Amino acid sequence: MAAAGSYFSIIALIILIQLATNLNSCSAATPIRHSGRNTRFIRTSCRTTLQPSLCFVTFSRYATRIRGSPRLLATTALSLAFNTTRFATKSMITLSKLHGLKRREAAALRVCVEELGDSIDELKDSIGKLSRHGAGGSTFRSQMSDIQTWVSAALTDDDTCMDGLSGKSINRKFRSRVRRRVVKIAHLTSIGLAFVNRYAATHK
């Protein structure tokens, strides 16, 4: 993958995102009490995902704020995936500074930090475009196609990170610790993609 200079540029990017990025759509991720009809919308929507139980437990907390809106549901899902990816990447940077890591483990962390840095960018761009979308027509379809491409790429980044954790030379506890974080990211991103696809389908 990239050399040390690229690695540190990714770290700088993450720090800048933490300090300077102000995504209004992320405010949709403030949990509040939910009502029956809104909860049913979440349950029905979650059945279209690969992780329906995780999906319902996660998003039923935001049911009233989402108000049965496929667009708000997709935005909330991408925002949660974005924040989870950002925080997990920060923890990996901290982990990479610990003494005693094997060379293979340090290299795997560098791969993950770089790949998840790309994922952060792709999710950020997706949230931004989703918040500015048009009501329909060819422009809407083009925008949604971009978002679907970016979120799919973020999932690929997650997979690439996990691929780097394979191999007998990596400590089992270390691999489990990192993999657990990345699997959570991948599940949330997958749910977000399902909601984006559902929203796009409702405006064909």
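Predicted model: local features only at pLDDT ≥ 70, side-chain atom pairs only at ≥ 80, totals over all residues.
**Exercise 1.** Work out how helix 6 and helix 8 lie relative to each other.

*Solution.* Start with the axes: those of helix 6 (residues 103-131) and helix 8 come within 12 Å and cross at roughly 20°. Axes here are lines fitted to C-alpha atoms over the stretch in contact, with angles from 0 to 180 degrees between N-to-C directions. Next, apply the cut-off: angles under 35 degrees count as roughly parallel, so helix 6 is roughly parallel to helix 8.

Residues are numbered from 1 along each chain as its sequence is written, and side-chain values use heavy atoms, leaving out hydrogens and water.

**Exercise 2.** Find which rings pair with Phe 59 in the cluster.

*Solution.* Rings of Phe, Tyr and Trp (its six-membered ring) pair if their centres lie within 6.5 Å; planes under 30 degrees apart count as stacked, over 60 as edge-to-face and the rest as tilted. The structure holds 3 aromatic pairs. Take Tyr 62 to begin: its pair with Phe 59 is edge-to-face, at 6.4 Å centre to centre and 65° between the planes. Then take Phe 195: its ring centre is 5.7 Å from that of Phe 59 and the planes are at 75°, so this pair is edge-to-face. Together, ring pairs link Phe 59, Tyr 62 and Phe 195 into a cluster.

Conventions
Helix = DSSP H or I, 4+ residues; strand = E, 2+ residues; numbered from the N terminus. Parallel < 35°, antiparallel > 145°, perpendicular 65-115°, else oblique.
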